[in-house]
Amino acid sequence: MFTTRRADAQNPLVLAIDVGSTGTRAGVYDVRGLPLRNSKTKVQHAFTTLNDGTSTIDPDQVADEIRRCINFCTDAVGAPIAGVAIDTFASSLVGVDADGRAITPCYTYADSRCAPQVNYLRSILDEDDTQQRTGTRQHTGYLPPRFLWLQQTDPDTFGRVRRWMSLGEYAWLRLIGRTAAGTSTAAWTGMLNRRRGRWDAELCALVGVQLEQLSPIAPPDDPLTPRASVGERWPDLADAVWFAPISDGHSQSIGAGSKDSSQVVLSAATSGAMRVLVEGDVDNLPRGLWCNRIDRTRSILGGALNDVGRAVTWLESTLKLPERAVVEATLMGPPLPAVPIVLPWFTGERSTGWVGQARAVFHRVTAATTPLELYRGTIEGVAFSYQRILRDLTQVTGRPREILGTGRVSNSLPGLLQIVADASGAPVTPITIKRSTMHGTALMALETLAPGVERAEVDRGATFTPVPDRSGYYHRRMERFQVLYDKVIAAAN
């Protein structure tokens with residue numbers, strides 16, 4: 001098992017915290033990147049979602065969850081911890097007053113109420129130029145349209161805000177009295193000049209945000225100094241190095257064991273992504289992708305999906321499905337000709353078309369269509385969404401040697417990985433360690449605390465290899481998927 005006993009753990013130890021869509025998790029890792037047994041904890045939470053596109057969470061609630069997790073981990077280990085690192089879902093936004101208190105909810109990446117402002121920005125910006133500069137296109141998941149939306153819909157609150165920050169930055173401000181935006185946290189806002197590593201002054205001026213209202217940007221090797229009272233509250237953290245918050249996309253990529261651009265990391269959790277690590281700059285970024293800087297020399301190139309686990313949850317709660325073994329056998333088996341084409345965007349599309357107001361489409365559903373066929377069609381649609389990202393990635397990095405599957409959905413739904421392998425023609429290997437995102441957060445800290453130390457290899461499952469005689473079927477299905485997208489989603493938006 002990918003763990004170690006406390007007695008066998010090798011110093012220095014790192015406490016890693018992961019704030020995801022469904023909960024706040026924490027655990028302690030040794031210098032090899034192995035989690036200490038019985039040191040992990042989780043506090044569940046959920047976003048507040050409404051039909052108008054609202055997706056928020058209480059930032060003080062999350063800060064309290066993090067505090068509780070730190071309490072648990074320090075009590076469980078009972079030994080000095082050398083570093084504390086945190087990742088959060090990206091992107092997020094909290095407005096803070098002059099006293100350092102949140103006066104807005106935390107707006108999450110899935111809040112789509114700023115869709116009109118996306119259209120406005122697209123009408124006045126040279127979006128291709130902006131994407132090359134910041135690494136992102138305009139979308140409801142990023143901050144430029146959200147700032148405009150807040151300014152227009154709640155100008156009084158917008159005017160009272162003294163600082164704007166991510167959820168992780170706010171939690172650190174409340175807990176240790178210091179904060180900064182990790183490079184990847186800043187990149188995932190859509191407002192970082194990726195070549196200079198600074199906030200993009202042009203976008204800030206356009207959306208009415210002053211540069212001094214944003215946190216300083218701290219690369220992973222530039223940690224924070226907490227106020228003295230932190231050591232009094234948590235004696236085992238008295239000498240700990242605290243790292244600026246990073247994005248979950250950053251941590252999951254390195255937590256899966258990705259080392260270079262020959263390995264694509266497929267993330268499948270509530271949301272999803274495909275990412276590759278790249279050294280240096282990326283010129284001529286494809287329109288369908290983003291490129292987010294993560295430290296002084298490296299970036300992550302990829303694309304994201306809003307709905308992976310969210311789509312599976314909807315299917316399982318809505319359809320009258322047979323037992324699990326039958327569902328999985330259907331996904332692993334040969335294609336079914338009667339399966340509908342499904343565009344699986346329940347909360348909007350990110351990569352590759354960036355249509356935040358897109359919604360799910362089920363095409364060619366008849367009275368004879370079964371729940372199992374609807375299920376398989378939706379999972380195929382998710383796989384095709386990954387394939388569209390992979391198609392753009394190969395333009396920059398070439399064909400991958402392998403795809404590494406991470407996240408709870410990739411481990412609980414192996415049929416998805418088989419369909420991805422069949423549709424892409426590339427082998428897919430699941431990474432079977434739990435909490436690969438939190439593992440990556442620990443590894444990020446260890447790069448600074450203990451450079452040059454060999455890390456433990458992550459556990460892998462059996463590789464899903466493409467079935468050759470299925471490639472023609474998926475090629476035709478992909479063509480029909482794209483035609484449906486062009487006519488229903490792209491043409492309407």
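**Figure 1. The surroundings of R194.** In this view, the backbone oxygen of Q132 lies 2.9 Å from a polar atom of the R194 side chain, and the backbone oxygen of V282 lies 2.8 Å from a polar atom of that side chain. A polar contact is a pair of N or O atoms within 3.5 Å, where, within protein, one must be able to donate a hydrogen and the other to accept it, and where residues adjacent in sequence count only if both atoms are side-chain atoms. The model is a predicted one, in which local features need pLDDT of at least 70 and side-chain atom pairs count only at pLDDT 80 or more, while totals for chains, interfaces and linings use all residues. Residues are numbered from 1 along each chain as its sequence is written, and side-chain values use heavy atoms, with hydrogens and water left out. R194 sits in the loop between β11 (192–193) and β12 (198–199); helices (H or I, at least four residues) and strands (E, at least two) are DSSP runs, numbered from the N terminus. Is R194 buried or exposed? R194 counts as buried, because its relative accessibility is 6%, and buried means under 20% relative accessible area, exposed over 50%, and partly exposed in between (1.4 Å probe, protein chains only). Leaving aside neighbours within four places in sequence, R194 is in contact (heavy atoms within 4.5 Å) with residues including Q131, R133, T134, D281, L285 and R293.

Figure 2. The structure holds 27 salt bridges, each being a side-chain nitrogen of Lys or Arg within 4 Å of a carboxyl oxygen of Asp or Glu. D128 forms one with R287, and the closest N and O atoms are 2.7 Å apart. This pair links distant parts of the chain, since D128 is in helix α3 (residues 127–134) and R287 is in the loop between β17 and β18, 159 residues apart. D128 is partly exposed at a relative accessible area of 28%, whereas R287 is exposed at 53%. E202 forms a salt bridge with R133, with the closest N and O atoms 3.6 Å apart; E202 lies in helix α8 and R133 in helix α3, so the pair ties together parts that are 69 residues apart in sequence.

Figure 3. D392 forms a salt bridge with R391, and the closest N and O atoms are 3.5 Å apart. D392 is buried, with a relative accessible area of 8%, while R391 is partly exposed, with a relative accessible area of 39%. Elsewhere, salt bridges that share partners join R122, E127, D128, R137 and R287 into one network.

**Figure 4. The largest nonpolar core.** A nonpolar core is a set of buried Ala, Val, Leu, Ile, Met, Phe, Trp, Tyr and Cys residues joined through side-chain atoms within 4.5 Å. Which residues touch the most other members of the largest core? Of its 54 residues, they are M274, Y375, I379, Y386, I403 and L416. Helix α13 (residues 371–397) gives the largest share of this core, with eleven residues.

**Figure 5. Helix α4 and its cover.** Helix α4 (residues 143–153) is mostly covered, as eight of its eleven residues are buried. The buried residues are L143, P144, P145, R146, F147, L148, W149 and L150, and what covers them includes β8 (106–107), α2, α5 (155–160), β9 (163–165) and α8 (201–206).

Figure 6. Most residues other than glycine have a negative phi, and most peptide bonds are trans. The peptide bond from N11 to P12 is cis, with omega near 5°, and P12 is placed in the segment before β1 (14–19). N38, although not a glycine, has a positive phi of about 65°; N38 is in the loop between β2 (23–29) and β3 (41–44), and counts as exposed at 70% relative accessibility.
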